Amino acid sequence: MSLSVLMDSGSPTILLHPSIEPRDETGGVLFDPSKLQNQSSLPTEFIWPCGDLVHTQEELNEPLIDLGGFIKGDEEATAHAVGLVKTACSKHGFFQVTNHGVDSNLIQAAYQEIDAVFKLPLNKKLSFQRKPGGFSGYSAAHADRWIYQKYCEKMRELSLVIFELLAISLGIDRLHYRNFFEDGNSIMRCNYYPPCNNSGLTLGTGPHSDPTSLTILHQDQVGGLEVFNNNKWHAVRPRQDAFVINIGDTFMALCNGRYKSCLHRAVVNKERERRSLVYFVCPKEDKIVRPPQDLMCRSGGPRVYPDFTWSDLLDFTQNHYRADVATLQSFFPWLLSSNPTSNF
């Protein structure tokens with residue numbers, strides 16, 4: 001179960017979306033989180049099958065990458081960071097970054113604003129919930145837009161740095177992905193997972209992959225993010241001074257499958273609320289998603305994915321398909337059937 005606030009990074013309009021992650025994918029269920037901790041039993045809509053509820057104490061041990069030297073142009077630090085990124089992204093697509101240039105006071109201010117929104121009465125939250133099929137909404141002034149505007153600006157700057165690092169790790173022009181995403185349209189999402197007495201029966205967010213290109217996550221110290229790798233779930237340790245980075249499906253296509261978009265989920269805590277700030281990086285909607293020619297020349301292998309636009313994949317995952325480990329494999333037959341004149 002989770003509550004979410006989403007906003008476009010260019011002009012951050014606020015959306016509060018009170019919902020849970022339904023096990024049957026039929027849609028969200030509205031609920032009052034203040035009552036959830038005191039309930040002795042969960043509504044059936046909250047309960048997930050036992051096979052999806054295997055919990056873990058094992059950590060992913062994703063690399064912690066110091067961006068300070070890379071940003072300053074230090075060759076030794078860059079080579080070290082490149083090696084860590086290449087290994088992590090080839091295995092599961094997750095790593096964490098420190099010395100990223102984002103002020104800790106700005107991060108804290110963003111958390112304070114979402115706290116104010118999520119503590120509103122339920123009837124206030126329902127007045128600006130997300131409309132069906134949409135991924136953004138509007139509210140008059142329930143949060144400080146300047147803070148979110150500034151936060152999104154810093155996330156954009158950080159994403160472009162990471163795209164340079166990814167390009168170097170793939171052996172292509174350092175600026176290729178930076179230039180590709182320079183005019184992109186990204187989304188910020190603020191999550192609140194209320195404490196739940198029956199946390200062993202439910203999930204905050206069910207298993208999914210991100211259809212976007214890159215995800216930049218800051219999670220509070222409660223923890224709850226888990227990644228599916230080597231046929232089991234692994235926890236991602238929360239670090240106050242770090243952002244969690246993961247590869248999405250669109251970037252997996254942009255690198256011809258060299259780097260992985262991995263299943264992940266969020267679990268809930270029995271006693272403590274959990275919050276996270278998530279920034280999804282997307283290309284401009286009409287841009288053609290295809291791997292760079294120099295990458296294909298270096299690898300010498302065939303194309304794994306045909307060309308597509310982000311707008312088509314966005315439509316598919318918003319209205320027709322819940323993102324999972326097979327999103328791209330399911331997307332291309334759908335795209336061909338809905339547009340028979342496609343060139344692939």
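Visitor: Which way do the side chains of β10 point, and are they buried or exposed?
Guide: In this predicted model, Phe243, Ile245 and Ile247 point one way from β10, while Val244 and Asn246 point the other way. All of them are buried. The strand covers residues 243–247, and five of its five residues are buried.

Visitor: Why two directions?
Guide: Side chains in a regular strand alternate between the two faces of the sheet.

Visitor: What does β10 pair with?
Guide: Strand β4, residues 94–98, runs antiparallel to β10 and is joined to it by four bridges. Glutamine 96 has valine 244 as its bridge partner there. Strand β7, residues 214–219, is also antiparallel to β10, again with four bridges.

Visitor: Which residues touch the most other members of the largest nonpolar core?
Guide: Leu166, Tyr177, Phe243 and Phe251, in a core of 67 residues. Helix α6, residues 145–169, gives the most to this core, with 13 residues.

Visitor: What does leucine 166 touch?
Guide: Leaving out residues up to four places away in sequence, leucine 166 touches Val85, Cys89, Leu214, Ile247, Phe251 and Tyr259. There is also a second, separate core of eleven residues, which includes Ile187, Leu217, Val236 and Phe280.

Visitor: Switching to charges. Where is aspartate 210?
Guide: Aspartate 210 sits in the loop between β6 (205–208) and β7. This aspartate is buried but has no salt bridge.

Visitor: Which side chain of opposite charge is nearest to aspartate 210?
Guide: Arginine 189, 7.6 Å away. A salt bridge needs the side-chain nitrogen within 4 Å of a carboxyl oxygen.

Visitor: What polar contact does the aspartate 210 side chain make?
Guide: The aspartate 210 side chain makes one with the side chain of histidine 264, at 3.2 Å. Beyond four places in sequence, aspartate 210 touches Thr215, Asn246, Gly248, Asp249, Ser261, His264 and Phe280. Among those, Asn246 is one of the β10 residues discussed above.

Visitor: How many salt bridges are there?
Guide: The count comes to twelve. In one of them, aspartate 115 pairs with arginine 275, with the closest N and O atoms 2.8 Å apart. Aspartate 115 is in helix α4 (residues 104–118) and arginine 275 is in strand β12, so this pair links distant parts of the chain, 160 residues apart.

Visitor: Are aspartate 115 and arginine 275 buried or exposed?
Guide: Aspartate 115 is buried, at 19% relative accessible area. Arginine 275 is buried too, at 14%.

Visitor: What about the salt bridges of aspartate 307?
Guide: Aspartate 307 meets arginine 290 in a salt bridge at 2.7 Å, N to O. Aspartate 307 also forms a salt bridge with arginine 303, where the closest N and O atoms are 2.7 Å apart. Aspartate 307 counts as partly exposed, with 26% relative accessibility. Arginine 290 is partly exposed as well, at 41%, and so is arginine 303, at 38%. Elsewhere, salt bridges with shared partners join Asp115, Asp220 and Arg275 into one network.

Visitor: Back to β12. Why is the strand described as largely enclosed?
Guide: Because eight of the eight residues of β12, residues 274–281, are buried. Arg274, Ser276, Val278 and Phe280 point one way, with Arg275, Leu277, Tyr279 and Val281 pointing the other way.

Visitor: Which strands flank β12 in the pairing?
Guide: Strand β5, residues 187–193, pairs with β12 in the antiparallel sense over seven bridges. β7 pairs with β12 in the antiparallel sense over six bridges. Serine 276 is the bridge partner of asparagine 191 and of glutamine 219.

Note on methods:
Residues are numbered from 1 along each chain as its sequence is written. This is a predicted model: local features need pLDDT of at least 70, side-chain atom pairs count only at pLDDT 80 or more; totals for chains, interfaces and linings use all residues. Side-chain values use heavy atoms; hydrogens and water are left out. Buried means under 20% relative accessible area, exposed over 50%, partly exposed in between (1.4 Å probe, protein chains only). Helices (H or I, at least four residues) and strands (E, at least two) are DSSP runs, numbered from the N terminus. Two strands pair if DSSP finds at least two bridges between them. A nonpolar core is a set of buried Ala, Val, Leu, Ile, Met, Phe, Trp, Tyr and Cys residues joined through side-chain atoms within 4.5 Å. Contact means heavy atoms within 4.5 Å. Lys and Arg count as positive and Asp and Glu as negative; His and the chain ends are not counted. A polar contact is a pair of N or O atoms within 3.5 Å; within protein, one must be able to donate a hydrogen and the other to accept it, and residues adjacent in sequence count only if both atoms are side-chain atoms.
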